[in-house]
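Please find below a colleague's note on the model shown here. The points are numbered so that each can be checked against the coordinates in turn.

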Amino acid sequence: MNQNPHIRPSKTAVLLLNLGTPSAPTAKAVRAYLKEFLSDPRVVEIPRIIWWCILNGIILPIRSGASAKKYASIWLPKLGSPLMHYSRLQAKELGEKFANHGEVVLVDLAMRYGQPSTQQALEALQAEGMERLLLLPLYPQYSATTTASSFDEVFRVLGTWRNQPELRLVKHYHDNPAYITALRDQVLGAWDKDGRPDFAAGDRLAMSFHGLPKRNLMKGDPYHCECLKTGRLLGESLGLEPGQYLVTFQSRFGNAEWLKPYTAPTIEKLGKEGCKRVDIFCPGFPADCLETLEEIAMEAREIFLEHGGKDYRYIPCLNSNSKWIDAMYEIAQQHLSGWSLGVESDAVLRERDRLAELAKAKIA
């Protein structure tokens, strides 16, 4: 790689940020992933010494093996982790979207925990000539536990660089029209295939978001409000009335109160009350993962059917929906305004180098 800064093209990059995944559905790999994830003070806000004892003495020894079995149940043949597969696919297709518009924009993916790490992704972009960087989290709703933590890691890595790129951040896009359109398209596509629920007869659409401890909300985290707004906008875009759709929160962990209503008890209650069909969708997860495929598509289905429900339909996440790729492109474009989305010609680079040499000669 030529290190001459005057003849090296400067490029704009978009870095997609996601949470992460174990490298394999094994107890060893899951333990390594969980240790990194649950050691993040943004994720668990408990005094470090106390939490270190709980994590290493109780949680990791017990949960690693159990979680590995769950990961094995959703692992894709030949493709591996669904989250990794779809996240990489989204990065690839977003890059192609830029190219189809005649724009030279580097697009890469970084995982907050596991591989590819934020440092690896940033160094790869740096090697390709990145001078301008847009961070686009795959978390539509902002939370300190996800978005801020991913930003923290980028700042940590860039804090070691002598020559840093220009930097812009996409904080959230929970109410972005293109994002809502992509969600609507995903739901309508499922209904076109399997039939629309009979809402007049009591069928329901449940929108399940990842939960957070209630104390996060009380401390000022906007995540809860943004999830509710996404749910309302999606319901309205589908032409549903309040009550025909529900917003719930999943993946509760520990004994503390989390955001309510909880998904599993809500599904159970619907079954007991005679609701015949529930369609469930996870708008906050752009890519299918353990929490959607195992917890929602499998576990919640069993709960609903065991308590009187008859028809449970899981609607996959956005994954590679073309409307979602369009939405990512539109969101990125809104934040790239004013930046060059091309590469300087050889003539421009040579002239820049010539002027630099003249300047050096005058100084000498």
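1. Contact, as used throughout this note, means heavy atoms within 4.5 Å. Helices (H or I, at least four residues) and strands (E, at least two) are DSSP runs, numbered from the N terminus. The model is a predicted one, in which local features need pLDDT of at least 70 and side-chain atom pairs count only at pLDDT 80 or more, while totals for chains, interfaces and linings use all residues. Residues are numbered from 1 along each chain as its sequence is written, and side-chain values use heavy atoms, with hydrogens and water left out.

2. The first topic is the sheet that contains β1. Four strands form this open sheet: its 4 strands follow the order β2-β1-β3-β4 with parallel pairing, where two strands pair if DSSP finds at least two bridges between them. At its edges are β2 (105-113) and β4 (166-169), each of which pairs on one side only. Neighbouring strands are turned against each other by 25° on average, with direction ignored. Strands of a sheet pair through backbone hydrogen bonds, either parallel or antiparallel.

3. The pairings within this sheet may be followed strand by strand. Strand β1 (residues 11-20) runs parallel to β2 and is joined to it by 8 bridges; Leu16 stands opposite Leu109 in β2. Between β1 and β3 there are 7 bridges, again with the strands parallel, and Leu17 stands opposite Pro137 in β3. The pairing of β3 with β4 is parallel and extends over 4 bridges, with Leu135 opposite Leu169 in β4.

4. Helix α1 (residues 27-38) lies across β1 and β2 and runs at about 90° to β2; angles run from 0 to 180 degrees between N-to-C directions, and axes are lines fitted to C-alpha atoms, for helices over the stretch in contact. Helix α3 (residues 82-100) packs on the sheet and touches β1, β2 and β3 (130-137), its direction making about 160° with that of β2.

5. Parallel strands β5 and β6 are joined by 6 bridges, and Val247 in β6 is the bridge partner of Met207.

6. Which residues of α9 are buried? They are Thr263, Thr266, Ile267, Leu270 and Gly271. These residues lie on the same side of α9 because they cover an arc of only 140° around the axis, the arc being that of the directions from the helix axis to the C-beta atoms. The buried residues of α9 pack against β5 (204-210), β6 (245-250), β7 (277-281), α10 and β8 (311-315). After α9 comes Gly274, with a positive phi near 95°.

7. The axes of α9 (residues 263-272) and α10 (residues 290-306) come within 8 Å and cross at roughly 35°. On the α9 side, Thr263, Ala264, Ile267, Glu268, Leu270 and Gly271 meet Ile296, Ala300, Ile303 and Phe304 of α10. By class, this contact has 7 nonpolar, 2 polar and 1 charged residues; Ala, Val, Leu, Ile, Met, Phe, Trp, Tyr, Cys and Pro count as nonpolar, Asp, Glu, Lys and Arg as charged, and the others, Gly among them, as polar.

8. Pro22, in the loop between β1 and α1, counts as buried at 2% relative accessibility. Leaving aside neighbours within four places in sequence, Pro22 is in contact with Ala29, Val30, Tyr33, Tyr71 and Trp75. Tyr142, in the loop between β3 and α5 (144-158), counts as buried at 16% relative accessibility. Not counting residues up to four places away in sequence, Tyr142 touches several residues, including Lys171, His172, Asp221 and Tyr223.

How values were computed:
Buried means under 20% relative accessible area, exposed over 50%, partly exposed in between (1.4 Å probe, protein chains only).
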